[in-house]
Amino acid sequence: MSGWLIALIAVGGLLLLLLVLLFCGVARLRIRCRDEVQVFAGVLGLRFRLYPQKEPDTTPRGFCRSPNRALAREMRRLKREAKRAEKKQRKKQEKKAQKANLPKPNLPENLTMIRALTKDFYRISKGRIHIRTLRMQIVVATGDAAKTALLWGSISGSASLLLNWIHDHYALIEHYRGEVDIRPDFAGSESGADIDLVFSLSLWSALRIALTMRSRYGEEKAKAQMKAIRRKKKKAAANGTV
């Protein structure tokens with residue numbers, strides 16, 4: 001068998017593997033909330049912490065057999081960090097200089113952009129996301145029994161309506177008995193929540209949604225910027241400066 005045929009088979013097999021992973025792989029986003037909010041992403045068995053970011057390990061490492069080598073390695077790391085910080089600052093200054101002469105969109109223009117992006121995201125992601133409620137336990141307490149009862153009723157009703165609407169009109173919600181529990185604590189004074197949700201969708205859907213929303217964000221941002229420019233021109237014309 002010739003070398004080019006082996007290479008062609010290898011490339012074809014690699015492309016086939018990528019297609020299988022793209023269409024059969026699953027991307028997951030896990031949100032946990034107890035004492036603090038934690039967000040994790042998982043792709044093909046790999047897990048990444050999105051929020052909060054891990055604090056750098058500053059604990060001293062013990063005795064080093066080669067102090068000179070360790071010092072040189074640390075100096076190289078510091079130089080790399082300095083270069084990255086300088087590059088980031090330069091890009092930030094260039095972007096700031098480009099936007100210096102452009103008016104900023106006001107609140108209504110930003111809200112219009114957010115509303116359009118929300119509609120696009122709903123349209124693109126509808127029916128593609130699977131929600132698994134591993135745990136949703138909320139304790140309602142205010143220190144006053146009457147207020148606790150009223151607040152518990154409103155939260156329970158709102159949560160039920162919201163979950164039913166999401167399940168019927170947006171995404172499938174999977175949960176089992178006892179995993180979703182909203183109860184009052186008439187003797188307590190502090191409310192609490194223990195929430196653990198997993199959002200999953202195929203890699204192909206995640207890639208399609210990400211690329212589409214990135215394109216739509218650029219378009220809506222440009223529209224908002226054009227509205228701000230027209231608003232500034234109309235204001236200048238009204239003041240007699242044009």
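This is a predicted model: local features need pLDDT of at least 70, side-chain atom pairs count only at pLDDT 80 or more; totals for chains, interfaces and linings use all residues.
User: Where does positive charge gather on the surface?

Analyst: Look at five arginines. R69, R73, R76, R80 and R84 form a patch of positive charge on the surface.

User: Which helix holds R69?

Analyst: R69 is in helix 2, which covers residues 67-98.

User: Is R69 buried or exposed, and why?

Analyst: Exposed means over 50% relative accessible area. R69 has 59% relative accessibility, so R69 counts as exposed.

User: How many disulfides does the structure hold?

Analyst: In general, a disulfide is a covalent bond between the sulfur atoms of two cysteines. Here the count is zero.

User: How should I read the accessibility of C24 and of C33?

Analyst: Use the cut-offs again. C24 counts as exposed because its relative accessibility is 60%. C33 has a relative accessible area of 25%, so C33 is partly exposed.

User: What about V37, where is this residue found?

Analyst: V37 is in strand 2, residues 37-43. Its relative accessibility is 37%, so V37 counts as partly exposed.

User: What separates the C-alpha atoms of V37 and R76?

Analyst: Those C-alpha atoms are 35 Å apart, and the two residues are 39 residues apart along the chain. R76 belongs to the positive patch.

User: Is the peptide bond from Y51 to P52 cis or trans?

Analyst: Most peptide bonds are trans. The bond from Y51 to P52 is cis, with omega near -10°.

User: Where is P52 placed?

Analyst: P52 is in the loop between strand 3 (46-51) and helix 2. Helix 2 also holds R69.

Terms used. Residues are numbered from 1 along each chain as its sequence is written. Side-chain values use heavy atoms; hydrogens and water are left out. Patches are made of residues with over 30% relative accessible area and no salt bridge: like charges are joined within 9 Å, nonpolar side chains (Val, Leu, Ile, Met, Phe, Trp, Tyr) within 5 Å. Accessible areas come from the Shrake-Rupley method with a 1.4 Å probe; for residues, only the protein chains shown count as cover. A salt bridge is a side-chain nitrogen of Lys or Arg within 4 Å of a carboxyl oxygen of Asp or Glu. Lys and Arg count as positive and Asp and Glu as negative; His and the chain ends are not counted. The place of a charge is taken as NZ of Lys, CZ of Arg, CG of Asp or CD of Glu. Helices (H or I, at least four residues) and strands (E, at least two) are DSSP runs, numbered from the N terminus. Buried means under 20% relative accessible area, exposed over 50%, partly exposed in between (1.4 Å probe, protein chains only). A disulfide is a pair of cysteine sulfur atoms within 2.5 Å.
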